[in-house]
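Subject: Structure handover and notes

Dear colleague,

I am passing on the structure we spoke about, with my notes following it. Please read them with the coordinates open beside you.

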Amino acid sequence: EIEENKISVIYLGADHLTKFCSKEKNNQIYGKPYILYVGDRSKYKNFNLIIDVFSKSKKLSKDFEIICFGGEKFSKEENEKFYKLNIVNNLKNVNQSDDELKNYYLKARALIFPSLYEGFGLPLVESMSLGCPIFCSNTSSMPEICGNAAIYFNPLEVEDLLHKLENNLYSEKNLSDLKSKGYDRVKKFSWKNTAMKTLKVYKY
């Protein structure tokens, strides 16, 4: 066991995507507004929670698509489940560059982050830095990272996320409030601070 006074917590930065140029072409790709999911979808990432929510909410499935950026292509099993739940047309998998990822954050209605556990959660700070409202799990490190700049849900309860989405995705005021809080919150996450604090640990 390592002594507590020998442990330093250093947050990652959030400003790397802000340096990329946003390409306007993605603005015309999708006819519907979309919710963004970033990263791998396996195991503790709890991606199936989003699928279960959309399969139960006719309102959400009618009005929104789910863009999955990164991770593996949809597997045969995933596609079969999408077909079975009648939401196959709501889902798209995208694997592109970081400048395209920035564009998806900028155009998204919100990011959903249903993970059961995260040591940090880089998509959370990326979202805050680019004004993308966040819906995320109320467990692990997520509340510590997002503070008051997210709408939290129980990652084990479909109805909780369903109600949070239906009650907030259609409110410009609520989403604008999340964006403002995110911009304020993300000021504490910069790669310069990460580098300086890491250097300090090595020096002392």
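Does Asn46 count as buried or exposed, and at what relative accessibility? With a relative accessibility of 16%, Asn46 counts as buried, because the limit for that class is under 20%. Please keep in mind throughout that this is a predicted model.

I begin with the backbone at that position. Asn46 is placed in the loop between β1 (34–38) and α1, and its phi is near 65 degrees, a positive value in a residue other than glycine. Most residues other than glycine have a negative phi. Ser140 also has a positive phi, of about 55 degrees, although Ser140 is not a glycine. Ser140 is found in the loop between β5 and α6 (142–146), and at 37% relative accessibility it counts as partly exposed.

For the overall picture, the protein holds nine helices and six strands, and of its 204 residues 45% count as buried. Among the contacts with a separation of 6 or more, 73% are accounted for by residues 24 or more positions apart.

Leu49 is buried, with a relative accessible area of 4%, and, leaving aside residues up to four places away in sequence, it touches Pro114, Phe153, Pro155, Glu157, Val158 and Leu161. Leu49 and Glu157 are 108 residues apart in sequence, while their C-alpha atoms are 8.1 Å apart in space. Ser57, in the loop between α1 (48–56) and α2 (58–63), counts as buried at 1% relative accessibility, and its contacts, again not counting residues up to four places away in sequence, are Leu162 and Glu166.

The helix I looked at in detail is α8, which covers residues 172–185. With 14 residues, α8 reaches 20 Å from its first C-alpha to its last, close to the 20 Å expected at 1.5 Å a residue. Its buried residues are Leu175, Leu178 and Gly182. Seen down the axis of α8, these buried residues fall within an arc of 55 degrees, so they line one face of the helix. That buried side packs against α5 (122–129), β5 (134–137), β6 (151–153) and α7 (158–168), whereas the face turned away from it carries the exposed residues Glu172, Lys173 and Asp184.

Turning to the aromatic side chains, the structure holds five aromatic pairs. Arg41 is placed over the face of Phe47, at 5.9 Å from the ring centre. Elsewhere, ring pairs link Tyr34, Phe69 and Tyr104 into a cluster.

How many disulfides does the count come to? The count comes to zero disulfides. The closest cysteine sulfur to that of Cys146 is, in turn, the one in Cys136. Cys136 counts as buried at 0% relative accessibility, and Cys146 is likewise buried, with a relative accessible area of 0%.

How values were computed. Residues are numbered from 1 along each chain as its sequence is written. This is a predicted model: local features need pLDDT of at least 70, side-chain atom pairs count only at pLDDT 80 or more; totals for chains, interfaces and linings use all residues. Side-chain values use heavy atoms; hydrogens and water are left out. Helices (H or I, at least four residues) and strands (E, at least two) are DSSP runs, numbered from the N terminus. The expected span of a helix is 1.5 Å times one less than its number of residues. Buried means under 20% relative accessible area, exposed over 50%, partly exposed in between (1.4 Å probe, protein chains only). The arc is that of the directions from the helix axis to the C-beta atoms. Contact means heavy atoms within 4.5 Å. A disulfide is a pair of cysteine sulfur atoms within 2.5 Å. Rings of Phe, Tyr and Trp (its six-membered ring) pair if their centres lie within 6.5 Å; planes under 30 degrees apart count as stacked, over 60 as edge-to-face and the rest as tilted. A charge sits over a ring if NZ of Lys or CZ of Arg is within 6 Å of the ring centre and within 35 degrees of the ring normal.
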